Amino acid sequence: MPQQGGAGRDIAPAKGKLGVMLVGLGAVSTTFIAGVENVRRGTALPIGSLTQMGTIRLGKRTDHRAPKIKEFLPLADLKDLAFMAWDPIPDDAYTAARKAGVLEPHHLEPIADFLKGITPLPAAFDRNYVKRLNGTHVKNAPTKRELAEEVRQDIRDFKQLVMIWAASTEVFLTPGPAHQSLAAFERAMECNDPAIAPSMLYAYAALMENVPFANGAPNLTVDIPALERLAEERRLPIGGKDFKTGQTMMKTVLAPAFKARMLGLAGWYSTNILGNRDGEVLDDPESFKTKEESKLGVLEYILQPDQYPELYGNVFHKVRINYYPPRGDNKEGWDNIDIFGWLGYPMQIKVDFLCRDSILAAPIVLDLALYFDLAQRARLSGIQEWLSFYFKSPQTAPGLYPEHDLFIQQTKLKNTLRWLKGEEQITHLGIEYYEKA
């Protein structure tokens, strides 16, 4: 039976400006900022943004209640968003956007003065973690602890805030002793332990300054015991990781379809070509391994080979990313999928997704900024699993496997929004037929 509504959650109102603090002022961040400004000026639509264009069904289908999400919830208004960023390259947002080559002049030139007014703060950057970038606009301090304190000072200049990591993929790290407790983490920072990556410094600084943090890259960042506990203790929302944009989004659509119809899968070969800064960074094997781990885990969790060994117990899954400068931000994701059906007969599916990486990522950044701010005002602390919809490698509570099926993720997200406002959660059971019986 559908769950009944209740009193809802007491959500503090959105007041004043909401500062969106971006780690990285590259293609994704500048496309996001320029897009928001174009929407605010009425020259474009926020296509791809669930918070701005999506609706939410309330009650029974016969009730015909389906308001826009932005009208249903007390989200921050786009006119109240303000932007700041850190980047190891000193270019302002206009120059960075021109170099990224994502947006055409008619979306940049009318707002050039606005974009030129957004200049990045020096970054807490270490080339050992992003080997293909040579950062010159960086903070200098003898210890990582002091670097984190400098980031905290940057944060104090703002008030109501959310922070989003939209920078490059760092080298692959696994959780170790330095990540197990806050005391161990702070000692490791003071000793410049290589287990403490720059992204962790930003996450630590955000949480210490009572700022929600979302990780848009596959780095080991806020998904470590020390920072997860810190978020719980300080009652702050955290989440990640790795924005779900092109090829992986398609996997989280297609794989559930195969499983729903009990079609078998023999192999899935995925390759990508892209030429932006992300592609250059991922040309380094250590950074690629971080991304590869994020992309490879999707199928296993969706298909559950332990429960369906005849269908998914021997899947060959390969992922490749190739740096190809002529393509720029216009990534191509090509998939060859070998499935089998009735009596084991083989079939193939080919997918060639000519996507625009930052165009797909920008509305995700917007939605996460608004939802993480909402979560904080609703006092939802710790890992925000209901926002798994936006991530390739959704962060979960200890002991839980991540849910990757896009449609289950969407149901979880919208039911959470209904719960926040005391509305019935939708189960699609159609109870009216059973009541008649």
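A residue counts as buried when its relative accessible area is under 20%, and as exposed when that value is over 50%. Keep in mind that you're looking at a predicted model.

Start by selecting C355. Its relative accessible area is 4%, so C355 is buried. Now jump to C191: here the relative accessibility is 63%, so C191 counts as exposed. While you're on cysteines, how many disulfides does a search of the whole structure find? The search turns up 0.

Next, select residues 27–40, which form helix α1, together with residues 357–377, which form helix α15. The two helices pack at an angle of about 65°, and their axes are 8 Å apart. Angles of 65 to 115 degrees count as roughly perpendicular, so that's how α1 and α15 sit to each other. The crossing of α1 past α15 is right-handed.

Want to see what touches what? Show the side chains. From α1 you have A27, V28, T31, F32 and V36, and they meet S358, I359, A361, A362, V365 and L366 of α15. Colour this contact by residue type and you get 9 nonpolar residues, 2 polar ones and no charged ones.

Last stop: strand β6, residues 264–274, where you'll find A266. A266 has 38% relative accessibility, so it counts as partly exposed. Which residues is A266 in contact with, leaving aside its neighbours within four places in sequence? Select N314, V315, F316, D338 and F340 to see them. Finally, draw a C-alpha to C-alpha distance from A266 to A183: they are 83 residues apart in sequence and 47 Å apart in space.

Terms used: Residues numbered from 1 in each chain as written. Predicted model: local features only at pLDDT ≥ 70, side-chain atom pairs only at ≥ 80, totals over all residues. Heavy atoms only, no water. Axes fitted to C-alpha atoms, helices over the stretch in contact; angles between N-to-C directions. Helix = DSSP H or I, 4+ residues; strand = E, 2+ residues; numbered from the N terminus. Parallel < 35°, antiparallel > 145°, perpendicular 65-115°, else oblique. Left-handed = near helix turned anticlockwise from the far one by under 90°. Contact = heavy atoms within 4.5 Å. Nonpolar A, V, L, I, M, F, W, Y, C, P; charged D, E, K, R; others polar. Disulfide = S-S within 2.5 Å. Buried < 20%, exposed > 50% of the residue type's maximum accessible area, 1.4 Å probe, protein only.
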